[in-house]
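Morning, everyone. Please have a look at the structure on the screen, and then I'll walk you through it.

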Amino acid sequence: MITISAISEIFPVLMQGIKITVTVLLASIVCGYLFAFIAGFCRLSNNVILRKFTGLYVEVFRGTSLIVQLFWLYYALPILFGIDLGSDFWAGVLAISLNYGAYMSEIVRGSILSVSKGQTEAATALNMSSFQRMRLVIFPQAVRMMLPEFGNYLIQMLKATSLVSLIGMTDILYYGDILRSSNLSQAPTVYLLVLVFYFILALPLIFLTRKMESISKKGVASE
Amino acid sequence: MSEPIVTFQDVHKSFGDVKVLKGIDLEVKPAEKIAIIGPSGSGKTTIIRMLMTLEEPTAGDIIVDGNNLWKMEKNGKTVDANDKHLRAIRGDIGMVFQHFNLFPHMTILENCMTAIIHVKGENKEKAKKHSIEMLEKVGLGDKLDNYPSQLSGGQKQRVAMARALVMRPKVMLFDEVTSALDPELVGEVLEVIRGIAKDGEMAMILVTHEMDFALDVADKVLFLDEGVIAEQGSASQVIEHSKNERLQSFLKRFRS
Amino acid sequence: MNNWNWDTFFEAFPLVLEGIWITIGLTVACYLFALLFGFVWTFLRRIPIKPINWLVTWVMEFIRSTPPLVQLFFIFYAWPMVPVVGFAMDPFTSAVLGLGLHFSTYIGEVYRSGIDAVDKGQWEASTALNFSTRQKWTKIIIPQAIPPTIPMLGNYLIIMFKEVPLASTIGVVGILQMANNYGAQNWAYLEPLTIVAILFLILSYPSAILIKKLEVKMNTRFDKKAVVNSSSSKGAV
């Protein structure tokens with residue numbers, strides 16, 4: 001049964017994992033958005049090779065499982081290229097951010113393409129250079145369209161961080177598993193608490209997402 | 001007579017297999033006001049879009065202030081213009097669009113200021129001052145901090161005009177600027193254009209369906225039909241005294 | 001350091017491939033469960049009692065924003081320990097329940113968007129024709145609400161296919177677990193994991209293209225009205 005004493009016993013143990021979960025999440029968010037923008041822009045580039053190469057990256061990472069990518073990076077990268085990522089940390093962060101970067105790059109690309117052609121024409125008529133057109137006119141509008149989806153992916157990335165326990169990182173779930181294996185009868189309380197931990201971490205992201213949705217509704221073309 | 005600021009020499013334009021323009025010759029003198037009329041699909045808009053560098057001509061030359069717009073010299077050879085070349089020349093030209101194309105993420109003031117700052121390199125204070133002056137001129141001095149979505153169609157189009165005017169182009173293009181407006185909002189926009197025309201120094205090319213307005217403002221009217229200029233002359237010559245049958249039947253539809 | 005080894009690759013290939021039926025079978029089972037249970041959520045959310053509506057919304061939000069991996073562990077390890085109602089299940093069944101439940105919350109939202117997109121006039125017309133509530137749903141609303149969502153539902157099939165290897169963590173022996181087993185025995189993970197990746201690509205990429213085509217077809221047929229957020233297939237974990 002869930003008792004106060006059980007919770008007070010389990011809670012501090014799980015707390016130890018919070019730091020890793022949050023660190024992996026933050027690093028993945030930063031790298032994920034970075035990959036998304038780089039890949040999104042590369043797919044719009046005039047350079048055919050760059051476009052095809054990025055397309056390959058996006059399709060491979062969207063076409064396979066995150067958990068497979070995680071294991072692959074964890075086991076294979078050091079063997080194949082002699083690259084030692086230094087720690088499980090980077091294998092985890094890279095897997096999550098490359099995976100979600102691939103998904104989000106499609107949002108970046110789609111949003112930029114969906115800014116109306118009239119905007120580019122108006123900017124041209126004001127004699128802006130192609131870089132200025134992107135920076136001052138197209139991109140600021142595209143970002144507003146990206147926000148709601150970007151918000152959704154924050155929560156997806158939070159959920160994804162739980163996978164790093166599988167490569168031995170000491171996150172919340174890792175400590176949960178340890179507690180479970182030491183006392184199986186405690187398992188319901190342990191995993192329920194783990195879920196609550198994740199949900200508490202998700203709450204600010206949920207509200208942020210709603211905020212992003214409302215921002216994105218403002219300042220959009222109404223023609 | 002002064003040198004023309006814009007010259008079209010046998011300009012052709014096709015979209016795929018469809019020939020839209022079949023040899024356009026045209027001269028625009030500084031400060032001259034030209035109205036282009038004609039049935040829809042006759043290529044009126046295409047003419048000014050090529051001048052604004054939004055479409056590339058299939059053949060022929062467009063000369064702006066002595067420079068070939070779509071061609072440039074490179075290593076002694078004539079080649080297609082690159083973006084840098086286009087940019088150097090199209091600063092003389094401004095355009096107002098049928099659907100306004102205001103930047104929805106910027107306030108009215110920012111819509112006007114952005115290009116002067118980033119394209120012309122004016123400092124922010126000056127840019128702001130000029131923009132406010134121009135917006136006051138079109139009667140929107142009280143809307144500076146509004147966003148385009150908060151304005152009526154007529155107001156949007158006036159902002160679009162202020163945005164183009166503040167760049168001080170030598171030639172201003174108007175692409176059916178009243179056809180996306182509700183009828184009761186047309187007047188305020190035409191009034192602003194009339195005011196600009198009276199100022200005088202800027203050449204204007206207006207693609208329009210407003211015949212009375214064309215008659216009033218334009219020094220010269222072109223009737224475009226099936227990809228060629230079928231009739232041209234002073235406004236009263238073309239609109240009131242032409243013998244061209246297709247022009248007559250075209251006008252009838254607007255005068256009923 | 002051993003590098004890429006083709007002998008290992010060809011030796012591991014048939015072994016890993018053996019797991020494909022489990023992987024596919026689990027995908028289909030989870031998907032069917034999610035499709036059915038999605039209706040339950042849609043139904044629950046329509047109960048017009050404020051506290052219930054609020055509760056259902058937050059339960060769905062809870063399931064959706066916590067990791068399916070933890071939910072899987074909860075069902076497999078913890079559920080048997082729950083007093084009175086708990087009972088043990090084999091890994092396959094646990095995976096069907098765990099992943100199926102997680103994704104049913106997404107599927108429920110898809111149904112809801114489809115229902116919301118049905119024109120209000122259709123409700124009024126069916127009332128005017130004196131249909132019973134049951135008939136309204138089965139004859140008028142659902143036949144219009146579901147077809148436009150088919151591409152989105154298809155996207156979720158592909159997403160779930162890519163989530164199914166999570167079940168290897170509780171011992172469902174699909175292709176990923178086959179590869180892990182091979183790796184553990186021969187201390188060679190690179191080749192078998194690459195095989196798993198290739199198998200996923202081979203199966204999911206053509207399906208994604210198929211669904212894109214279906215989407216275009218549906219869009220033209222249904223005049224784009226009910227397709228919400230269609231172009232981006234979400235990557236869920």
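Let's start where the two chains meet. This is a predicted model. In it, chain B and chain A bury about 2,200 Å² between them. Of that area, 56% is on carbon and sulfur atoms. Which residues of chain B lose the most area to chain A? They are B:Phe103, B:Pro104 and B:His105, together 26% of what that side buries.

Now the contacts. Here, 28 residues of chain B touch 26 residues of chain A. The rule finds one salt bridge across this interface. A:Glu121 and B:Arg49 meet there through their side chains, at 2.6 Å, N to O. The side of chain B that touches chain A has 13 nonpolar residues, nine polar and six charged.

Next, the sheet in chain B. It is open, with six strands in the order S8-S9-S10-S3-S11-S12, and the pairing is mixed. S8 and S12 of chain B stand at the edges with a single partner strand each, so one side of each has no neighbour in the sheet. From one strand to the next, the twist averages 20 degrees.

Take one pair. S9 and S10 of chain B run parallel, joined by five bridges. B:Val171 stands opposite B:Ala203 in S10(B).

Last, the helices. H5(B) packs on the sheet and touches S8 and S9 of chain B. Its direction makes about 175 degrees with that of S8(B). Helix H6 of chain B packs on the sheet too, touching S3, S9 and S10 of chain B.

Key:
Residues numbered from 1 in each chain as written. Chains lettered and ligands numbered in written order. Predicted model: local features only at pLDDT ≥ 70, side-chain atom pairs only at ≥ 80, totals over all residues. Heavy atoms only, no water. Contact = heavy atoms within 4.5 Å. Buried area = accessible area lost by both parts, 1.4 Å probe. Salt bridge = Lys/Arg side-chain N within 4 Å of Asp/Glu carboxyl O. Nonpolar A, V, L, I, M, F, W, Y, C, P; charged D, E, K, R; others polar. Pairing = 2+ DSSP bridges. Helix = DSSP H or I, 4+ residues; strand = E, 2+ residues; numbered from the N terminus. Axes fitted to C-alpha atoms, helices over the stretch in contact; angles between N-to-C directions.
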